[in-house]
Amino acid sequence: MTRNNRDKRSNLPEGDDGRTIANMNVEGMPWYTPERPGVPGYVTEKQFKDGLDKKQMRMYTASALKAGLLVTLIMCAGIVLFVAFCVYIWFR
């Protein structure tokens with residue numbers, strides 16, 4: 001949008017086209033206004049809590065536990081291989 005195409009009543013600076021890059025409506029700031037239901041993208045606390053049922057939460061927790069155990073197993077195997085390399089090859 002060029003300066004000539006903008007409405008003369010607009011009080012935007014010359015380089016500003018009016019688009020929002022980052023929403024600065026942050027809780028705790030003096031200008032904060034709470035979001036209202038019905039606005040696109042608004043999620044109520046009840047909708048957020050009801051997102052996963054017990055079965056899905058168990059599956060999510062089990063998957064996270066398996067991933068953590070896999071990383072731990074790989075790191076332990078690396079340490080064991082390093083010690084074996086040091087004992088049988090390097091320090092021989």
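View 1. Ile79, Phe82, Val83, Phe85, Val87, Tyr88, Ile89, Trp90 and Phe91 together make a nonpolar surface patch of about 1000 Å². To qualify for a patch, a residue needs over 30% relative accessible area and no salt bridge; nonpolar side chains (Val, Leu, Ile, Met, Phe, Trp, Tyr) are joined within 5 Å, and like charges within 9 Å. A salt bridge here is a side-chain nitrogen of Lys or Arg within 4 Å of a carboxyl oxygen of Asp or Glu. Areas follow the Shrake-Rupley method with a 1.4 Å probe, and for residues only the protein chains shown count as cover. Phe82 counts as partly exposed because its relative accessibility is 48%; the cut-offs are under 20% for buried, over 50% for exposed, and partly exposed in between (1.4 Å probe, protein chains only).

A quick note on conventions: this is a predicted model, in which local features need pLDDT of at least 70 and side-chain atom pairs count only at pLDDT 80 or more, while totals for chains, interfaces and linings use all residues. Residues are numbered from 1 along each chain as its sequence is written, and side-chain values use heavy atoms, with hydrogens and water left out.

**View 2. An aromatic cluster of Phe85, Trp90 and Phe91.** Ring pairs link these three residues, Phe85, Trp90 and Phe91. The structure holds 2 aromatic pairs. In the tilted one, Phe85 and Trp90 lie 6.2 Å apart centre to centre, with 40° between the planes. Trp90 and Phe91 form a stacked pair at 5.3 Å centre to centre and 5° between the planes. Rings of Phe, Tyr and Trp (its six-membered ring) pair if their centres lie within 6.5 Å; planes under 30 degrees apart are stacked, over 60 edge-to-face, and the rest tilted. Phe85 is partly exposed at 39% relative accessibility, Trp90 is exposed at 54%, and Phe91 is exposed at 61%.

**View 3. Thr61 and its contact with Met57.** Thr61 belongs to helix α2, where helices are DSSP runs (H or I, at least four residues), strands are E runs of at least two, and numbering starts from the N terminus. The Thr61 side chain reaches the backbone oxygen of Met57 at 2.8 Å. With a relative accessible area of 47%, Thr61 is partly exposed.

View 4. How many disulfides does the structure hold? There are 0, taking a disulfide as a pair of cysteine sulfur atoms within 2.5 Å. Cys76 is partly exposed at 42% relative accessibility, whereas Cys86 is buried at 9%.

Definitions and conventions:
Polar contact = N/O pair within 3.5 Å; in protein donor to acceptor, adjacent residues only side chain to side chain.
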